[in-house]
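Here is a friendly walk through one model, written for someone who likes to see the cut-offs next to the values. Keep the viewer open while you read.

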Amino acid sequence: MIRFGLAAWLLGGSVAFGFSVSPALRSSGAEVGSTGIWSELGGVLPLPAFGHPPRVKLGEGEIWGLGGDAGAFLPIDTPSELVLATLGTGGQIADSRPLQTSFREGGQRPGGADSPPAPESITPTPKGTEHPSGQETAPPPRVENLPDRKPSAVQEFRRWLDNTLIERTKLFGQRRLAYSFRQVSGDRTAYNTTNSGGFGDQSFTNLGYIRVESRGIYGWLNLDANLQDARFEDPQIARYRLFTDRGKWNGQLGDVNARLPSTNRFIQYGRSVNGLQLGYRSGGLEVGLVRTNSRGEARTVTIQGTNSAGPYYLQSSQVIRGSERIEIDGIAQILGQDYTIDYEIGSITFVNRQTLQAKLIPPTSTIVATYESLNFSGGGGRVEGGVVNYNLGRGGKIGITGLRQTTGASADLSTRLEKFQGFGPPSTPYFLQFEPLATQPVVIRVDGVLQTQGVDYTFDASNRAIFYFTRFMPATNQIDVLYTPKPTSSTLGDREVFGIDYTLSFGKGSSLQLSQATGRTTNSPTPSSGTARSARFTYQLGPWSGTTSTRSIPSTFVSVESAGFLRNEDASDLTLRHASRKNGDLSLTHLNASITRFTGATAAPTRTRFSRSEISYDLSRENTKAFPIRVSLLSTKSQAGTSRTDVDSLNLESSRTWGGLQMRFGASQQKVTGTQPADLSTARLQASYSRSREWQFTAGSSLSWIKSGSDSGQGRELSLTAQYNPTERFNARLGFSDNDAGDLSSLAGIDTGYGAGYNGNGFSSGAGSSFGVGATNGRSLNLFANWEMTDRITGRLSGLIFRSSGNFSSNSESKSLSAGVDVDLGKGHVLSGDLSTSSTEFLESPVRSSVTTGSGSITGSFGKLGYRFTGTALMTGGTSTFKQDSWSFDLGLDYRLSTRENLGLLINAGRLSGYLPQDEADLAFSYRYQIWQNLALNANYRYRNIRNRDATLTSGAYRSNTFDIELGFNFSG
């Protein structure tokens, strides 16, 4: 045998590392590679040194082998991992287990230089064979695992950091850190807004969006964070939250939806805030603490129905997602089933156009909406306090709650820049995320060119958060809007509230709940204080169940600001229900209330008397065999000063299923007496039919008839949809909708009492601004089809006819038709093309506008060179003075120098003629180096020249030379 290497003494046996050739092993039938490990316990074993795969073949028994990362054998103090493998019959490895050891500098074994050297060779003897001396050999002794050499402090810290944080964290999104050198001449403001994401005036930019998710940090802490450029994106997205729920403790820190486990009905705190929330629960003890700064304002507003599905504006923009609760005449509405909401603009529509369950809201109905609205420049205020609940078992449950709220100072006014792409026809609205402050200017630019209000665009007369352009805006246009959001603030001032509540259970389904709270204002010249009290008794006896309650909430009582339907009132209510599986459910309800109404900050509050009585019967049956029926009789009476409104209603609902046909229908009759007498009738029908997989039909319709004195009107809501899917390669959808509020969409003098006392009270603020109430009439017909003709050719077709009129619309009719095709040319080359045409007519103006657009592109690669070419053209017609024609092309080349390096070239040129004519030339070079998987270094040079061809046009033109050095982070989780 020839051997060279390191030796170590291991539990009385020697192990030698090195290059080995073992005739003894060969003579015993073993096959060994050029690198091996020699051991007294089992002979020479192969090692994966120098990239050569070892080979070993031994008989049945136990052998030692080297694993881990010890493939190169140098005389340094490097840990090595030994693996104990057990061979079965035929030399196959049956199982293995690790064994750790190490060698010191110079190859000394742990026992020192005086340890016995390794013998020259020992031929392994299979178990159960005889030794040359004639004696049978015993199996080799099992060797226990030896401890590793103690890692260094740096290694320990890295291991701890990996286990507790890095391996438990996921990143999503991208980020770009760039330093720019710029030379700009011409309109520098236009350059600033149209380059570097609107930060063209800054040398250093930090743009992008990153989401961080960490779970189980240190075994108990979690993190969610969204980091973004809130100046241009949704302001509700940028937030962070640390939270934990471990055993008896739970807590949140950051931007959270704070909730307190208070059972006192007068101190129900739930807000979207920034701050700290802690909770503790053990046995019968429950504790909750909060110290937060509000992100928004809690508001409760009322809107009268307009005999239409909407939209109804909540009088505040940027409604915080998920904070809203909607009621119609005291009945809770469900998001997605009863209404849809636009959180940015703050509007609700009672038409779910996916399920086509249309719902007209008659002028005798009252919509009450409670929500939180994000404030931009207002003072959010701070809330701090807590609750302690203790369960006494049979003795009941007692709770103590105390909260204090201070109103924050309003911040200085600041501007906000929002960006849009062109939305097409001039009938399309653009929604700002906040209502602009009327006393500050609004600056709108299109591709850097200043736009003139009243000429290029107009704001909605009732809602300044909505504006329209007077010409077609292609998707290639970049629209920048700089404005000052209107600040919001609480109207309630500083206040504090302290309360106690007690709940006692009387067996199954029966309980008594008592609540009392004292609330007062603390920073008013005329401070107020009041004590609210309530009692609620719930019981169940056989098929009978019921609830009765009474409450007294004086006009001087205030609580912490929170979204909800509480108001200052003296009221009592009663509910009785009899449930019978065979004969149906019978229920009776009655409410009698004296409601405080706040009509102004200095005016004395007034009172409204309100009562509501209802009896209903619900007979549930299997709707495939019979008609389930729900019928109700409802009477409401409201008296506010000299105004009186009485409404008597009869409602009927049912449904039925016949095979693939499902139908729901209902009808109601209302008679109004008092200050404004009227008669209303409503009918509703929804149906869906699915005969097979190929065809599906849905329909929804509501009709209403109104008569008041000599005036009458008819409202309607109709939706039809047909879907055709004969194969996986073809699908088509045709949809039609028609809604009209009618000539009599509102009734002056109607006050049913449902909305009394909500527009600002002791629990929440009222309206932030008046967006008005009105109806929008519209009609639309849309068609969409997608056809995969072959494996390489796909075509698409879409068409739309849309007409809208009313208080919140552009009062126009638009028609559009588009077609497109994608062709796979093979070998990575793809050709695409689209052609579309549209026309718009304004109903109260002779202006007509028409547009035809075409675009085409081809992308692919030749080896290391990738390319893309896109061309677009726009042609306008009609009588508008804002007609524009344009063409442009883009050529992009990307060459891969290596697996980490890329070169890029981008050439763009275009011309705009007609209204506000311009020429544009753009040239950019880039170099990209991939540092590691998620990080790249980019160097970019860009030359851009935009020239006005109208001598009277003074904005939008500039010439720039820009060099950027950039670090780009890209995370995919």
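The report below goes from confidence to strands, then to cores, rings and a few single residues.

## Ground rules and confidence

This is a predicted model, in which local features need pLDDT of at least 70, side-chain atom pairs count only at pLDDT 80 or more, and totals for chains, interfaces and linings use all residues. Residues are numbered from 1 along each chain as its sequence is written, and side-chain values use heavy atoms, with hydrogens and water left out.

The chain has a mean pLDDT of 78 (pLDDT is the predictor's confidence in each residue, from 0 to 100). Of its residues, 78% reach 70 or more. Residues 1-135 have pLDDT below 50, and beyond near neighbours in sequence this stretch has 266 contacts in the model. A contact here means heavy atoms within 4.5 Å. For residues 352-356 the pLDDT stays under 50 as well, with 15 contacts beyond four places in sequence.

## Strands and their partners

Strands are DSSP runs of E with at least two residues, numbered from the N terminus, and two of them pair if DSSP finds at least two bridges between them. In general, strands of a sheet pair through backbone hydrogen bonds, either parallel or antiparallel.

Take strand β37 (residues 569-580). On one hand, β37 pairs with β36 (residues 544-552) in the antiparallel sense over nine bridges, and T548 stands opposite L574 in β37. On the other hand, β37 pairs with β38 (residues 584-597), again antiparallel, over twelve bridges, with H578 opposite L586 in β38. Three residues lie between β37 and β38, which form a hairpin.

An open sheet of four strands runs in the order β26-β32-β28-β29, with antiparallel pairing. Its edges are β26 (416-421) and β29 (449-450); each has a single partner strand, so one side of each is left without a neighbour in the sheet. Strand β28 (residues 443-446) pairs with β29 over two bridges, and R445 has L450 in β29 as its bridge partner.

## Nonpolar cores

A nonpolar core is a set of buried Ala, Val, Leu, Ile, Met, Phe, Trp, Tyr and Cys residues joined through side-chain atoms within 4.5 Å. Buried means under 20% relative accessible area, exposed over 50%, and partly exposed in between (1.4 Å probe, protein chains only).

Which residues have the most contacts inside the largest core? They are F266, Y269, L403, V497 and F557, in a core of 18 residues. The elements giving two or more residues to this core are β12 (249-259) and β24 (382-391). Leaving aside neighbours within four places in sequence, Y269 is in contact with residues including A258, L260, V290, V383, L403 and V560. A second, separate core has 17 residues, among them F434, I444, F467 and I479.

## Aromatic rings

Rings of Phe, Tyr and Trp (its six-membered ring) pair if their centres lie within 6.5 Å; planes under 30 degrees apart count as stacked, over 60 as edge-to-face and the rest as tilted. A search of the whole structure finds 34 aromatic pairs.

| Pair | Centre to centre | Angle of planes | Type |
|---|---|---|---|
| Y430 and F467 | 5.2 Å | 15 degrees | stacked |
| F467 and F469 | 5.7 Å | 80 degrees | edge-to-face |

Y430 lies in strand β27 (residues 430-431) and F467 in strand β31 (residues 466-469), so their pair ties together parts that are 37 residues apart in sequence. Both Y430 and F467 are buried; F467 has a relative accessible area of 0%, and F469 is buried at 2%. Ring pairs link F420, F423, Y430, Y457, F459, F467 and F469 into a cluster.

Charges can also sit over rings, which requires NZ of Lys or CZ of Arg within 6 Å of the ring centre and within 35 degrees of the ring normal. R241 lies over the face of F243, at 3.8 Å from the ring centre. Likewise, the charged end of R656 sits over the ring of F627, 4.9 Å from its centre.

N477 lies in the loop between β31 and β32 (478-483). Is N477 buried or exposed? At 10% relative accessibility, N477 counts as buried. Not counting residues up to four places away in sequence, N477 touches F420, Q421, G422, V446 and D447.

Q686 is placed in strand β43 (residues 678-689) and is buried, with a relative accessible area of 15%.
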